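Let's take a walk through a protein model together. Keep the picture in view and look up each residue as we get to it.

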Amino acid sequence: MYWGATRSLSLAVASFRTYFQPNATARRGFGTIRLLVFNTALSGTLYAVGDAIQQKVFESALYPYDYARTIRMLVLGLCVGPLNHFWYLQLDRLVVGKGMAVVAKKMICDQLLFAPTCITVFYLGMSTLEGKRWAASKEELQIKFLPSYKADWTIWPAAQMINFYFIPGYLRVTYVNVVTLVWTTLLSYLKHQDLNDVSQNT
């Protein structure tokens, strides 16, 4: 039974690799279309699931479930998916190698360049979907950016060191999306905190 399960898992991994790993021609461009579609769909799904966890597990005793909020997270996740896809392809092309110095360099680039961009896109994107005016969107970003960026540093540096050292390039965004399930649960909490509460805690 054990060997049967192991063989089934190995076949599943091999099938995934065969279907999604870019071939030599695709690696010269931006990767396969199906990998982009998969990463985008997974990103949208896990953004929605992260918000659902936040609402069901941590907020159910305080507020009724907000389905529109989860749909907004889904839409934003679908927008962020391609951003992740192309960023990590480009990062692997620009910073080449597998040694710890290279891995650390990639992690620092990710934290200093991409993380602030993603946080900004998240807050402005969600505010747009909520129909907020620019002044209100900007105020929320200014107040919540720093707490969100601090929280980012507690999760992503270690996760990305694992990513850049162990995970093959074509699975990099898939791995990020899985970690994002934890991250979006936290982001959903920060996003829907009252501005006054955030100001008092910073």
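Start with Gln111, which touches Pro116, Tyr149, Asp152, Trp153, Trp156 and Pro157, leaving out residues up to four places away in sequence; touching, or contact, means heavy atoms within 4.5 Å. Gln111 sits in helix H5 (helices are DSSP runs of H or I, at least four residues, numbered from the N terminus). Its relative accessibility is 0%, so Gln111 counts as buried. Buried means under 20% relative accessible area, exposed means over 50%, and partly exposed is in between, using a 1.4 Å probe and protein chains only. The side chain of Gln111 also makes a polar contact of 2.7 Å with that of Asp152 (a pair of N or O atoms within 3.5 Å, one able to donate a hydrogen and the other to accept it; residues adjacent in sequence count only if both atoms are side-chain atoms).

A quick word on the model: it is predicted, so local features need pLDDT of at least 70 and side-chain atom pairs 80 or more, while totals for chains, interfaces and linings use all residues. Residues are numbered from 1 along each chain as its sequence is written, and side-chain values use heavy atoms, without hydrogens and water.

Now for the largest nonpolar core: among its 31 residues, Tyr88, Phe122 and Tyr123 touch the most other members. Helices H4 (67–94), H5 (100–129), H6 (134–166) and H7 (172–191) each supply at least two residues of this core, and H5 gives the most, with nine residues. Such a core is a set of buried Ala, Val, Leu, Ile, Met, Phe, Trp, Tyr and Cys residues joined through side-chain atoms within 4.5 Å.
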